[in-house]
Amino acid sequence: KEIATLKGLERLTLSGGAGLAAAGWKELAALTNLQELKLRGTGATAADVAALRAALPAAAVTWDGKDQ
């Protein structure tokens, strides 16, 4: 929940922490100033990434999943 307070954040890389809870993805989706979001080893699924991309259309969302 602490990350949701960083409303001005423009770039974020998350590495490790496999199995980030669904609530965590919703927290990230609230960071509407993000321009770049990198997910590595987070346990993100294609559905998680699709939801983040839809919620953050201005952000370049990359991950270590199947579309990379």
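Predicted model: local features only at pLDDT ≥ 70, side-chain atom pairs only at ≥ 80, totals over all residues.
Residues are numbered from 1 along each chain, and side-chain values use heavy atoms, without hydrogens or water.

**Exercise 1.** Find where Thr42 sits, and decide: buried or exposed?

*Solution.* 
- Start with the place: Thr42 lies in the loop between strand 2 and helix 2 (DSSP runs numbered from the N terminus; helices are H or I, at least four residues, strands E, at least two).
- Now check accessibility: Thr42 has 2%, so it counts as buried (under 20% relative accessible area; exposed is over 50%, partly exposed in between; 1.4 Å probe, protein chains only).

**Exercise 2.** Work out how the strands of the sheet are arranged.

*Solution.* 
- Take the order: three strands make an open sheet, 1-2-3, with parallel pairing (a pair needs at least two DSSP bridges).
- Look at the edges: strand 1 (11-15) and strand 3 (60-63) each have a single partner strand, so one side of each lacks a neighbour in the sheet.
- Count the links: five bridges join strand 1 to strand 2, residues 36-40.
- Pick out one partner: Arg11 bridges to Glu36 in strand 2.

**Exercise 3.** List what Leu37 touches, leaving out residues up to four places away in sequence.

*Solution.* 
- Look for heavy atoms within 4.5 Å, the cut-off for contact.
- Read off the partners of Leu37: Leu12, Leu52, Leu56, Ala60, Val61 and Thr62.
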